[in-house]
Amino acid sequence: MRILVVEDDPILSDGLRAGLGLFGATLDVVSNCADGRAAVASSEFDALVLDLMLPDGSGLDLLTEMRADGDLTPVLLLSAQDEIADRVKGLDAGADDYLGKPFDLDELAARVRAIGRRQSGRASPYLSHNGVVLDPAQMTATVSGERIKLSRREFAILAALMRHPGAVISKDDLEARLYGWQEEIESNTVEVHIHKLRTKIGKHRIETVRGLGYRMKLDAA
Amino acid sequence: MNSLRSRLFVILVAATGLIWLFAACWIYIGAKQEVETVLDARLQEAARMVSSLVPSSGMPPAGQGPTSSHVIDIPSYERQLSCQIWSLDGQLVAKSSGAPATKFTDTRAGFSERKIDGENWRVYTIEDHTKGIRVLVGDRLGQRTHLVAELIKGLLAPMLLMIPLLGFLIWVSLNRGLRPLRIMAEELQARDADDMSPVDVGRLPKEIHPVVASLNALFAKVQAARQHERDITAFAAHELRTPLAGLKMQAQISMAAPDKPTRDAALRQIMVAVDRTTRLVRQLLTVAKLDAAHDIEHNTTVNIGTVLDEIVSALPASDAGVQIAIDPSLRRTSIDGNREFLTLAMRNLHENALHHMPDTGVVRWSAESTSDELVVFVEDEGPGIPNDEIALATNRFFRGRHKSTVGSGLGLSIVELALRSSGARLSLQNRSDRSGLRAQIIWPISRTVRQSEAASEHIHGNAPLRLRAAS
């Protein structure tokens, strides 16, 4: 999952980057509304973790703008004000979830997964297609009931492909899911990871659409 | 009597009663005079009438003729008036039926009063020399008094009956008149403790507008204070919980970290977070202390230069290229104030200046004085504060767009509080000569400010600037 974090506290945002990274997410971190606005406008994210009290305004303003623009990216609000009225206000402004500070890393990760799941219209927490089942919470994968070991990045790519089976996902999109802006992109990584994935789950399952990208093959044949 | 209504009621009833009483006395006196005038005129009239009725041949003396035939029958006057006719030589010629036999008066003519058989009489005498008679017409005074008394009684009786009615009317009108007050009181009573909306002046009589206006002003003030308090609480919650959230997260990362570098990085972040939180707590405690300090003593003479020396030497050594320049005039500058608070304020300003300095440059402390102000200021060479944020910079927990990672947003509000309780104020402005902030501590000159020339002689008397590496 590619997640944008808008949080001005350096230690907390560093913690979010490292912590959600442990759960296989790729994070981009900005520290104010203006940068958040720019990020949302230029890239697509699977979820947004948004702090309310930011140096140049309230996270609620950013959220309201996004929703007014028809942006459906799931948003989880982080706030030190966790009175009921504050939660209601945040949720009514278009947030999908609300978490008061301080919070538990596992809970945050679970909530982020949950809002991402709802966004893609799935009821099950597992991603499954043609016998391949991914458990985003545990970062485990099974193929035809047999457990296979995937690296964090392999898992991220497979999860991205399986979220919309049959849809073509470009190499750039996959790269964006692997690396935040701050990370250096190694060349050919996507190809390398796809290659490794194919050896692990079966060559025929991932299809290359020349010039466009990759997709999960729809029929298991 | 605390009730406005009872007070007004008593005042109104007493005043009305008093006026009524006065009016009654006036009427009594007036009526009495009037009655006397009228009755006297009647006496005169009657006397003249009787006198004219007597035949000009005169009347036989009462003793000589048949007495009964000489009793003058003037029945209409019988009840109230009595008449005697005497011959000039002192014989009773005739008298009315109710009249006493004793001669009314010895007065020859005009009015007189006399007591006969225990009764007071007012008598009018008229003499007719041609007829040789003297006619005396008398009136019982008792009857006159009775008449006046009846008159007054007739007046007073309805009045007495009216008093309760009047009281009732006054009471009802008061209730009606005071209704707006009661409505306002009920409205205020029915309010929630949180409801600070202004009372609607529109329906209220204009006499209580000033009260309502003051009340509304008070509401507004309380409201603003509450809002301020709420903001502070929200900010404090944010500033306290965010580092805690960071701490918790980093702790969880260090526990869950798959490799040593990740764990070490998380532990390092924990250390930083603990330091920051410690600093924040210290500053919060300082703010609380300053908030509580209302009656501090500022009768010590504090030398600004000495305070600065202490601050600079207490700072941890730094090998950066930042220099600290302290103008020698500061060593000659002393103010009367609280040393602890002044040190606190200046240390915060100094640390602030150092935080925002680029790698090299000069932090400069100096002083200026005008006819009514003494200004001690520090200038840094940092980015300054955006002009639209400068007014907000001293707000608690305010951190601008260019905030540093170590700031808690409390430093400048601590400075402001500490200075305020020492009688000075803080003024921030961006430097006009280059980028950087100029923070000024301003004392009104009426505070005892001493720039002792004597003290300057042995401490760098005329050195232009004392440059000194941040040590």
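These exercises, each with a worked solution, concern a predicted model of chains A and B.

**Exercise 1. Confidence**

State which scores the model has, and find where in chain B the pLDDT is below 50.

Solution. Start with the scores for the model: ipTM is 0.71 and pTM is 0.56. Next take chain B, where the mean pLDDT is 79 and 84% of the residues reach 70 or more. The pLDDT is below 50 over residues 62-69 of chain B, a stretch with nine contacts beyond near neighbours in sequence. Residues 71-78 of chain B also have a pLDDT below 50, and this stretch has 16 such contacts in the model. Where pLDDT is low, predicted coordinates should not be read in detail.

**Exercise 2. The two chains**

Describe chain A and chain B by secondary structure and by the percentage of buried residues.

Solution. Take chain A first: eight helices and 13 strands are found in it. Of its 221 residues, 43% count as buried. Chain B has ten helices and 14 strands, and 25% of its 471 residues are buried.

**Exercise 3. A helix of chain B**

Compare the span of helix H1 of chain B with the expected value, and name its buried residues.

Solution. Helix H1 of chain B covers residues 4-53, which is 50 residues. At 1.5 Å a residue, the expected span is 74 Å. From first C-alpha to last, H1(B) reaches 71 Å, close to that value. The buried residues of H1(B) are Leu43(B), Ala46(B), Ala47(B) and Val50(B). To read their spacing, recall that an α-helix has 3.6 residues a turn, so residues three or four places apart point the same way.

**Exercise 4. Where the chains touch**

How many residues does each chain bring to the contact, and which helix of chain B supplies the largest share?

Solution. Count by chain: 25 residues come from chain B and 19 residues from chain A. On the chain B side, helix H5 (209-256) and helix H6 (260-292) each supply at least two residues. The largest share, 15 residues, comes from H5(B). Sorted by class, the chain B side has eleven nonpolar, nine polar and five charged residues.

**Exercise 5. Nonpolar cores**

Identify the residues with the most contacts inside the largest nonpolar core, and list what Leu50(A) touches.

Solution. The largest core has 47 residues, and those with the most contacts inside it are Ile3(A), Ala47(A), Val49(A), Leu50(A), Leu76(A) and Val112(A). Leaving out residues up to four places away in sequence, Leu50(A) touches Val6(A), Gly59(A), Leu62(A), Leu63(A), Val75(A), Leu77(A) and Leu78(A). Another core lies apart from the largest one; it has 38 residues, including Met357(B), Val376(B), Leu419(B) and Leu426(B).

**Exercise 6. A hairpin and a loop residue in chain A**

In which sense do strands S12 and S13 of chain A pair, and why does Arg122(A) count as partly exposed?

Solution. S12(A), residues 206-209, and S13(A), residues 213-216, pair in the antiparallel sense over four bridges. Glu207(A) has Arg215(A) in S13(A) as its bridge partner. Three residues lie between the strands of this hairpin, and Gly211(A) takes a positive phi near 80 degrees.

Now turn to Arg122(A), in the loop between helix H5 (105-119) and strand S8 (127-129) of chain A. Arg122(A) counts as partly exposed because it has 13 C-beta neighbours inside 10 Å. Buried would need 20 or more, and exposed 12 or fewer. Finally, Arg122(A) and Arg163(A) are 41 residues apart in sequence, and their C-alpha atoms are 9.0 Å apart in space.

Terms used
Residues numbered from 1 in each chain as written. Chains lettered and ligands numbered in written order. Predicted model: local features only at pLDDT ≥ 70, side-chain atom pairs only at ≥ 80, totals over all residues. Contact = placed C-beta atoms within 7 Å. Nonpolar A, V, L, I, M, F, W, Y, C, P; charged D, E, K, R; others polar. Expected span 1.5 Å × (residues − 1). pLDDT = per-residue confidence, 0-100. Core = buried A, V, L, I, M, F, W, Y, C linked by C-beta atoms within 7 Å. Pairing = 2+ DSSP bridges.
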